[in-house]
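Here is a quick tour of one model, written for someone who likes cut-offs spelled out. Have a look at the structure first, then read on.

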Amino acid sequence: MNSLWNNTEAAGFPGELGLRVYTSRLLGRDRSLVLHGGGNTSVKTIETTILGDEVEVLWVKGSGWDLETIERAGFTALRRAPLLRLAKLRQLTDPEMVNALMTERTDAAAPVPSVEAILHAVLPAKFVDHTHADAVVTITNTPDGEARARALWGDRLVVVPYVMPGFELARMAAELFEREAGPQTVGLLLLNHGIFSFGASARESYERMIELVALAEDHLHAAGAWDLPVPAADPNTPPPRLETARLRRALADAAGFPLVLRTERDARTLAFARRADVAELTQHGPATPDHVIRTKRRPLLGRDVAAFTREYQAEFTRCAARAAEAKQMLDPAPRVILDFEFGLVTAGRSVKDAAIAAEIYRHTMDIQERAALLGGFRALPEQDLFDVEYWDLEQAKLARAGVPPVLAGEVALVTGAASGIGRAVAEALLARGAAVVGLDLDPKVVGLWPRADFLGLQADVTSREDLERALDATVTAFGGLDLLVLNAGAFAQGSPIANLSDELFRGQMALHADANLAFLRASHPLLALAPRGGRVVVVASKNVPAPGPGAGAYSAAKAAVTQLARVAALEWGKDGIRVNVVHPNAVFDTGVWTDEVLQARAAAYELTIDEYKRSNVLGTEITSKDVAEVVAELLGPRFAKTTGAQIPVDGGNDRVI
Ligand code: ZN
């Protein structure tokens, strides 16, 4: 662990608050110090109010901000003097504390301050840094952790026994600090939780944190508890597809809503999941209490979701009876699964949540294995962890995320996603909260959207190998498949039947009929396991109900896939899978409509290009987005009772009507 302080970089952050932002980001950059919203920092300054009064304020990290990306706006300024008086109260409930903090803000628009604000206020130093450093919690989460810690840091840290974060912690830490801090003291050690450092400057406080954590790392090295066994070669094979989708279904049934699963099946996770002592290591609790919000108290070992759910309910009943106020049980589905065959699997209502759980758990694996080498991993008692998992303030953080979008936790696969209708469909599904896999022959699909809930794969939909690869990638990234949009296509050059070559006809059939049959067939077992029932939309064409001269191959191929979709609707209703078809017409912002094709089609109807574009009953132009919105709605709950339908998106066509 080394200081990342850089004078040139620091110069870009003027002022005390600027440097507070800078060193907070330095802490956030190192994931072994803080993970996803963990940790917090502060600085004390003198500010002049609008009335001209000088007042000492504490700038403390706002809730919902990550240190790695924090900005000035992520810090809330609180008048310090009333906070010091609050710390002297005998009792203060969480809602009272939050209300008191909110009323001491100097800016009504500033975010909700960290629940550790009072603790930051009582520490006299100007800059205060707090992390949940891996190496520190590794040492304190062992049977003789406190003794080791006292021997290691001596009088540099005041040791604070575990107590719930918030008012109680601030009060106890303030008392201990007053009693025990000496000239050597540069921070606090919070047993089973984390570490505080402080200093007169941003750099001093930050570098003390680095030094204190480096001491912990050195201790682990010296104790032979740093280097972990190197697992055998990386298998990197995809997880078994159907078993993964079955696990996802069981988790979704337990949770009461669909979840995305992320599978990390590599040598490291497999070796950990296969440890003989995996139960003993993992079943007590997380490395630091706030991880329970993301990972629950413990992972599921294996795949018996029902047993996990039963135990979770029993634990809830036990702990809720001892809680100060009435609690409502959260969904009992596990968020982390360790499995002999899968390695590490994490679940989330969004891809982001699953990724956060995975990253936290990778750190947890290191901490637990190193703690085992020190004599055993010891987490907090279940009641303490329950109190954090069911803490109103933590639940309020989650609630601030709002109502999840309509397709949250669901997984879509869209063919022909690089441009036109396919791209617009992918966008419409992402906007509705689905995780999306986009396939296209065009390699630009890969980098279409740099976001975790989109996976772009270059693939030839007529290749069975590419199809298998795409389904494996879908299941590895997201755990299953709920929504299938068969859109890939190409309009063949017009050719009257008298001249229609077998080659052209076969090409159109291979692309629109054979390839989509293969997708339907291979996707069926996954769609049948979709928690809310699988849904398929085939993007066919107006040419199915109203073919045009010279478009024999295209029309016949699109008619073939339409018939396949109708039969699939009949056959798969019993599996809860809905299959519908859209028939777009004259969508000119797609790859199909090259200028050449446009001219040829307009000529075939003896129209100008502009007349051809608007030659529909409504006299309107149809865009890819118009079609995509219809497709997305067909996949959503509004059409829950509709299957086997064919919906025109063509501005009204007198030949179809
Ligand atoms: Zn903390």
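## A pair within helix α19

D466 and R469 sit three residues apart, about one turn of the helix, and both belong to α19 (residues 464–478). Helices here are DSSP runs of H or I with at least four residues, strands are runs of E with at least two, and both are numbered from the N terminus. The two side chains form a salt bridge, with the closest N and O atoms 3.6 Å apart. That term means a side-chain nitrogen of Lys or Arg within 4 Å of a carboxyl oxygen of Asp or Glu.

D466 is buried, at 17% relative accessible area, whereas R469 comes out as partly exposed at 40%. The cut-offs: buried is under 20% relative accessible area, exposed is over 50%, and partly exposed is in between (1.4 Å probe, protein chains only). There is also a network of salt bridges with shared partners, which joins R297, R298, E311, E315, R318 and E382.

## Ground rules

This is a predicted model, so local features need pLDDT of at least 70 and side-chain atom pairs count only at pLDDT 80 or more, while totals for chains, interfaces and linings use all residues. Residues are numbered from 1 along each chain as its sequence is written, and side-chain values use heavy atoms, with hydrogens and water left out.

## More salt bridges

How many salt bridges does a search of the whole structure find? The count is 48. As background, side chains of opposite charge can pair when their charged atoms come close.

One of them is R156 with E211, at 3.2 Å from N to O. R156 lies in the loop between α7 (145–153) and β5 (157–160) and E211 in helix α9 (residues 202–222), so this pair ties together parts that are 55 residues apart in sequence. R156 is partly exposed at 22% relative accessible area, and E211 is partly exposed too, at 40%. Another salt bridge links the side chains of K444 and D442, at 3.9 Å from N to O. K444 is partly exposed, with 42% relative accessibility, and D442 is partly exposed with 32%.

## The zinc site

Which atoms coordinate the zinc ion? They are the NE2 atoms of H130, H132 and H193, at 2.1 to 2.2 Å. Donors are N, O and S atoms within 2.8 Å of the metal (3.2 Å for Na, K and Ca); water is not among the atoms, so sites may look incomplete.

Along the sequence, the donor residues follow the spacing H-x1-H-x60-H. Both H130 and H132 are buried.

## Helix α16

Helix α16 covers residues 382–389 and is mostly covered, with six of its eight residues buried. Those buried residues are E382, Q383, L385, F386, V388 and E389. E382 is also one of the residues in the salt-bridge network mentioned above.

## Two loop residues

A452 sits in the loop between β13 (435–440) and β14 (454–458). With 55% relative accessibility, A452 counts as exposed. Leaving aside residues up to four places away in sequence, A452 touches V351 and F478; contact means heavy atoms within 4.5 Å. A452 and A347 are 105 residues apart in sequence and 14 Å apart in space, C-alpha to C-alpha.

E68 belongs to the loop between β2 (54–61) and β3 (75–79), and is partly exposed at 33% relative accessible area. Again not counting residues up to four places away in sequence, E68 touches R25, G28, R29 and R31.

## The chain as a whole

The secondary structure comes to 24 helices and 18 strands. The C-alpha trace spans about 100 × 65 × 50 Å along its principal axes. Of the 657 residues in the chain, 54% are buried. Among contacts with a separation of 6 or more, 72% come from residues 24 or more positions apart.

The chain exposes about 27,100 Å², and carbon and sulfur atoms supply 53% of that; areas come from the Shrake-Rupley method with a 1.4 Å probe, and for residues only the protein chains shown count as cover. The mean positions of the 69 positive and 83 negative charges are 3 Å apart. Lys and Arg count as positive, Asp and Glu as negative, and His and the chain ends are not counted. Each charge is placed at NZ of Lys, CZ of Arg, CG of Asp or CD of Glu.
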